Amino acid sequence: MLTQTEAAERILRGSDSSTKTSDEITRLLAATRLAEYRIKQRILIYRTIVAGMTYRNLLRESEYETATKAIRDGRRFLEQLQTVGKQAESELQTLGRAEIVGYDRESIHQTQKILIEVTQWTSSAYRGFHDIVRGFGRLQLANPEIEAGNFKQAGRYYAEANEFFADAEAALDRTHGYNQKLERLAQLVTEFRCMLPTLQEGCDDLQTMFETVDPESEEIPEGTRETLIEMRNRIDEC
């Protein structure tokens, strides 16, 4: 029996194609394309994980704009991964139970099943990550407004941040627990699950403070600094 690569080379050279049926050639080509798709999947999984780790590091450095780009790249790689996964599944259907060296249908089918689970888990996680960095971006925008005495605008930024954090929590709830196959990303999900209730509670308190402040007042609302310090301390515990 031919390996997938040998089959592709022989077909491209035109050798022995006259002795093979159309169905045999179709299956050999399908096996070759399947091998290519599986290579693409490995590359995309690697790029997806790197994007997530880059996002984590940038977020910790408060580089929110660059972190946003990193997580958008990760989500784009996931979309490509889903497309390649469908292409691989199509080739599996074409191959059926053909006997070709290097082609183990059950093993490949199981691998594809795991990849689908990983892709679904990571898609939900990255959707949450994206909302989290958008929320932190709003918190960053609120700071100069407070210093400038634009308390109403600061309150609006805290309200927007709160919405992003709530959306992030809902997205992370769809990750269905701890994914052992993506341990480092799963650890980040766990950290965010711990942080999000504190972020939402703090944003809600700060929004109320700034929306109810006397419009004529130039003093930062009482309790602002204490609330911010408490948020930071509780987040650090995560």
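## Aromatic pairs

Across the whole structure, a search finds seven aromatic pairs, and the model in which they occur is a predicted one. In one of them, the ring centres of Y64 and F136 are 5.8 Å apart and the ring planes meet at 10 degrees, so this pair counts as stacked, the limit for that class being under 30 degrees.

Y158 and F210 form another stacked aromatic pair, with 5.8 Å from centre to centre and 5 degrees between the planes. Because Y158 sits in helix 5 and F210 in helix 6, this pair ties together parts of the chain that are 52 residues apart in sequence. Y158 is buried at a relative accessible area of 1%, and F210, at 0% relative accessibility, counts as buried as well. Apart from these two pairs, there is an aromatic cluster that is formed by Y55, Y126, F129 and F192.

## The largest nonpolar core

The largest nonpolar core has 58 residues, and those that touch the most other members are Y55, F129, I132, F192 and L199. At least two residues of this core come from each of helix 2 (22-60), helix 3 (64-95), helix 4 (105-147), helix 5 (151-173), helix 6 (183-211) and helix 7 (224-236). The helix that gives the most to the core is helix 4, with 13 residues.

F192 can be followed in more detail: leaving aside residues up to four places away in sequence, F192 touches Y55, L59, F129, I132 and L172. Of these contacts, Y55 and F129 are also members of the aromatic cluster that includes F192.

## Helix 6 against helix 7

Helix 6 and helix 7 pack with their axes 9 Å apart and at an angle of about 175 degrees. Since angles over 145 degrees are classed in this way, the two helices are roughly antiparallel to each other.

On the helix 6 side, the residues in contact are M195, T198, L199, E201, G202, C203, D205, L206, M209 and F210, and they meet T224, T227, L228, M231, R234 and I235 of helix 7. Sorted by class, this contact comprises nine nonpolar, four polar and three charged residues.

Terms used:
Residues are numbered from 1 along each chain as its sequence is written. This is a predicted model: local features need pLDDT of at least 70, side-chain atom pairs count only at pLDDT 80 or more; totals for chains, interfaces and linings use all residues. Side-chain values use heavy atoms; hydrogens and water are left out. A nonpolar core is a set of buried Ala, Val, Leu, Ile, Met, Phe, Trp, Tyr and Cys residues joined through side-chain atoms within 4.5 Å. Buried means under 20% relative accessible area, exposed over 50%, partly exposed in between (1.4 Å probe, protein chains only). Helices (H or I, at least four residues) and strands (E, at least two) are DSSP runs, numbered from the N terminus. Contact means heavy atoms within 4.5 Å. Rings of Phe, Tyr and Trp (its six-membered ring) pair if their centres lie within 6.5 Å; planes under 30 degrees apart count as stacked, over 60 as edge-to-face and the rest as tilted. Axes are lines fitted to C-alpha atoms, for helices over the stretch in contact, and angles run from 0 to 180 degrees between N-to-C directions. Angles under 35 degrees count as roughly parallel, over 145 as roughly antiparallel, 65 to 115 as roughly perpendicular and the rest as oblique. Ala, Val, Leu, Ile, Met, Phe, Trp, Tyr, Cys and Pro count as nonpolar, Asp, Glu, Lys and Arg as charged, and the others, Gly among them, as polar.
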